[in-house]
Amino acid sequence: MSRTIYINGDYVAEAEAKVSVFDRGFLFGDGIYEVSAVIGGRLIDNDLHLSRLERSLKEISIPLPLSREEIVDVQRELIARNALQEGVVYLQVTRGAADRDFGFADDMKPSFVAFSQAKNLVNANSVKNGVAVDIAPDTRWARRDIKTVMLLAQVLAKRAAKAKGFHEAWLVEDGFVTEGASSTAFILTKDDVIVTRPNSQAILPGCTRRAVMKMAEGQKLRIEERLFTVEEAREAKEAFLTSASSLVTPVIRIGDHVIGDGTPGPVTKRLQTIYLELARN
């Protein structure tokens, strides 16, 4: 059955969904995107995603195409029209369409596209059994805190990782792990401290990251936001990654080094259980 897609005020069949060849997202990567998870037909952590969307747009001077309430209406309408029970809703806002020029008018009307994707999130094999991650140099631009559609470096890193049998790539800069190509990286030290890199322009401020950290604090788990090396990650007691589409996913191998006994650790599994309980409720 064909999906229904939202484009600039209209809901259209997937085969009829089109954008201009002069859209600046297509020509320059001049746009922002967001992805919200859907479990049981309900949006998860959506307020965090919309706040990040609004912040990213502001950072590159693109206005919100609709009010936040109207964007939520679009998301919910797509969930209803596509009978989505589990998966994601993708949002993309570009600066708009105009003849190709590096410069742009201040009053350009942004283009807003949204669609749903059915995905197995909760019972995915990766979530249940864990994944292996590759190590790759971080070659992205300097403003990684802005969630732009310029994803070529991530595409190439993930493709290279997949070719070697890995699920994801953890990116490294100056000897320290920044984040995954499409996820936030966490480790659990031998002293049972959860460590993740602090937010800065070097990484994307993950929404699932924020939700999981708040949840961990509520469980009285120790958390440190600091840089960590690949070697420290390899020596970790446990490791996991987070994102809207991967939830809390155990990392059981980094490169050729097995983490722990090669199975999801108890702290990671505890966080998975609590996160899903909160999401469903």
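Predicted model: local features only at pLDDT ≥ 70, side-chain atom pairs only at ≥ 80, totals over all residues.
User: Which residues of α8 are buried?

Analyst: Buried denotes a relative accessible area under 20%, exposed over 50%, and partly exposed in between (1.4 Å probe, protein chains only). Under that criterion, the buried residues of α8 are Val 267, Thr 268, Leu 271, Gln 272, Ile 274, Tyr 275, Leu 276 and Ala 279.

User: How many helices and strands does the protein chain have, and what is its radius of gyration?

Analyst: The secondary structure consists of eight helices and 15 strands. The C-alpha trace spans about 55 × 40 × 35 Å along the principal axes. The radius of gyration is taken over C-alpha atoms, and the globule rule is 2.2 Å times the number of residues to the power 0.38. For 281 residues a compact globule would be near 19 Å, and the chain agrees, with a radius of gyration of 19 Å.

User: What percentage of the contacts with a separation of 6 or more joins residues 24 or more positions apart?

Analyst: A contact requires heavy atoms within 4.5 Å. Among contacts in the protein chain at a separation of 6 or more, residues 24 or more positions apart account for 70%.

User: How far apart do the centres of the positive and negative side chains lie?

Analyst: Lys and Arg count as positive and Asp and Glu as negative, with His and the chain ends not counted. Each charge is placed at NZ of Lys, CZ of Arg, CG of Asp or CD of Glu. There are 37 positive and 38 negative side chains, and the distance between the centres of the two sets is 3 Å.

User: Is Ala 114 buried or exposed?

Analyst: Ala 114 lies in strand β6, residues 111–118. Its contacts beyond four places in sequence are Ile 5, Tyr 6, Val 74, Leu 78, Tyr 90 and Leu 91. Because its relative accessibility is 0%, Ala 114 counts as buried.

User: What is the C-alpha separation of Leu 84 and Gly 41?

Analyst: Leu 84 sits in the loop between α3 (68–81) and β5 (86–94), and it is buried because its relative accessible area is 4%. Gly 41 is one of the residues it touches, along with Val 38, Ile 79, Val 89, Ser 116, Gln 117 and Ala 118, when residues up to four places away in sequence are not counted. Leu 84 and Gly 41 are 43 residues apart in sequence, and their C-alpha atoms are separated by 5.9 Å.

User: Which residue just after α6 takes a positive phi?

Analyst: Helix α6 (residues 207–218) has twelve residues and reaches 17 Å between its first and last C-alpha atoms, close to the 16 Å expected. The loop that lies between α6 and β12 (222–225) holds Lys 220, which is exposed because its relative accessibility is 73%. Although it is not a glycine, this residue has a positive phi of about 65°. The residue just after α6 is thus Lys 220.

User: What phi does Asp 192 have?

Analyst: Asp 192 is located in the loop between β10 (184–188) and β11 (193–196). With a relative accessible area of 38%, it is partly exposed. Asp 192 is not a glycine, yet its phi is positive, at about 65°.

User: How far in space is Thr 263 from Gly 130, C-alpha to C-alpha?

Analyst: Thr 263 is found in the loop between β15 (257–258) and α8, and at 43% relative accessibility it counts as partly exposed. Thr 263 and Gly 130 are 133 residues apart in sequence, and their C-alpha distance is 6.9 Å.

How values were computed:
Residues numbered from 1 in each chain as written. Heavy atoms only, no water. Helix = DSSP H or I, 4+ residues; strand = E, 2+ residues; numbered from the N terminus. Expected span 1.5 Å × (residues − 1).
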